[in-house]
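Me: I would like to learn how to read a few features of a model. Please take them one at a time.

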Amino acid sequence: MRMRALVVGGGVVGLFAAYYLRREGAEVVLVDGLEPGEASRAAAGILEFTRFKINRINAVGYPTAYLSMLSRGAARIRHMDPKWILAYARSYGRDPGEDAWEAVREMGRFSWAEYRRLAEERNDFDYAEEPLYELVDDVDKEVEELRRDPLRPKFEEAEFEGRRAVAYLEAARLSTDLAARRIREEAAPGRIAAYAEAVGDGFVVAGGRRMEADVVVVAAGWRTSRLLGLPVAPFKGYGFRVKTPRRPRAMFIDLADTGVAVVPLGGWIKATGRFDMDSTEDHSPAERVLAGARKLLGDVEVLDMAVGYRPCTPDGLPIVERLGERLVVAAGACRLGWTFGPALGRMAADLALGRVKEARFPSSRFGRRTP
């Protein structure tokens, strides 16, 4: 008899978990109130396989930088979970250790290989490997920080459109819209169009109905905090698909001024920004992202806008573990969900199938007792 798996959450991690479970012969049903892939569509599609700095929100000095963003209106806080704040205070300044960094390197290697394999089979999601240019106020300081990065990224100083920049050499990009469609089609999951109200060992309650399964995989992004009590907070961002006559030669992030990331793709340009601790439906800060895109690109024709809630743990590392005989969680990839999506989906599938017993990223590091 085929294994029946309920995957709670249809974002990038949930889609990849469904994809790998389906490849192993499981019957998979997604449980999400949004269309599969919609929760992750706002992302720029920048893949940074050997650079973790963007996720190190507990690094010494990060709160000061975030407070500066708040004072300038470049970020805002509308969601405050006291348990998350307490876990953040405990995690602040801590290095997770070499074992954790090696696990992150393994995730990067696996995900990179999987994206290459998928593109070699059929590059219908605009995948390309190219440098990522970062525009910062102080290039020398950025270089020094990169030299201390535990993942040892390859980079070089460069010039981008007349500005001094840092070029990350082990990067790639894809269309999040097209990649979500590709994985969804290959996973071919069933779907229950409702948010999960409760989850447990082998069951999900959604739409007022209790459903049983051989295994439940919770990949519900920041909503994992509501379902399982784990420290995962929403950091909202906005993504615009635009067209413009002024097309940049490569993807870049403007951290010196607008805070906007720009990714040129085949049929459009993706412009994204913001890192707001905000779970509300007030999306007015999106106007600042669009204004930044216009400053960088000139006149733009907006095709559409997507909203995403990056699920961040206090230390920026994911939580991936088995919480019961028939309950697995994979959440908290923060700003590197697409980068590590294949690896996290594979890890979740292996735990669900019983192939792996030991968690590489347990929630016990936040003081929670792991079953």
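**Reading the features**

Reply: Cys334 counts as buried, with a relative accessibility of 5%; buried means under 20% relative accessible area, exposed over 50%, and partly exposed in between (1.4 Å probe, protein chains only). The model is a predicted one, in which local features need pLDDT of at least 70, side-chain atom pairs count only at pLDDT 80 or more, and totals for chains, interfaces and linings use all residues. Residues are numbered from 1 along each chain as its sequence is written, and side-chain values use heavy atoms, with hydrogens and water left out.

Me: Where is Cys334 found, and what is its phi near?

Reply: Most residues other than glycine have a negative phi. Cys334 has a positive one, near 60 degrees, and is found in the loop between β20 and α9. Helices (H or I, at least four residues) and strands (E, at least two) are DSSP runs, numbered from the N terminus.

Me: Which residue does a disulfide join to Cys334?

Reply: A disulfide is a pair of cysteine sulfur atoms within 2.5 Å. Here Cys312 is joined to Cys334, with an S to S distance of 2.1 Å. A search of the whole structure finds one disulfide. Cys312 lies in strand β18 (residues 301–312) and Cys334 in the loop between β20 (327–331) and α9 (337–353), so the pair ties together parts 22 residues apart in sequence. The torsion about the S-S bond is about 80 degrees, so this disulfide is right-handed. Both Cys312 and Cys334 are buried.

Me: Is Asp126 buried, exposed or partly exposed, and where does Asp126 lie?

Reply: Asp126 is partly exposed, at a relative accessible area of 21%. Asp126 lies in the loop between α4 and β4 (128–129). Phi of Asp126 is near 60 degrees, a positive value in a residue other than glycine.

Me: How should I read the packing of α4 and α9?

Reply: Two packed helices are described by the angle between their axes and the distance between the axes. Axes are lines fitted to C-alpha atoms, for helices over the stretch in contact, and angles run from 0 to 180 degrees between N-to-C directions. For α4 and α9 the angle is about 100 degrees, and the axes are 8 Å apart. The two helices are therefore roughly perpendicular to each other; angles under 35 degrees count as roughly parallel, over 145 as roughly antiparallel, 65 to 115 as roughly perpendicular and the rest as oblique. The residues of this contact divide into 10 nonpolar, four polar and two charged. Ala, Val, Leu, Ile, Met, Phe, Trp, Tyr, Cys and Pro count as nonpolar, Asp, Glu, Lys and Arg as charged, and the others, Gly among them, as polar.

Me: Which residues in α1 meet α4?

Reply: Contact means heavy atoms within 4.5 Å. Phe16, Tyr19, Tyr20 and Arg23 in α1 meet Phe110, Glu114, Tyr115, Arg117 and Leu118 in α4. By class, there are six nonpolar, no polar and three charged residues in this contact. The axes of α1 (residues 12–23) and α4 (residues 98–121) come within 14 Å and cross at roughly 70 degrees.

Me: Which side chains does a polar contact join to Glu134?

Reply: A polar contact is a pair of N or O atoms within 3.5 Å; within protein, one must be able to donate a hydrogen and the other to accept it, and residues adjacent in sequence count only if both atoms are side-chain atoms. The side chain of Glu134 has such a contact with Arg51 at 2.5 Å and with Tyr168 at 3.4 Å. Glu134 is placed in strand β5 (residues 132–135) and counts as buried at 1% relative accessibility.
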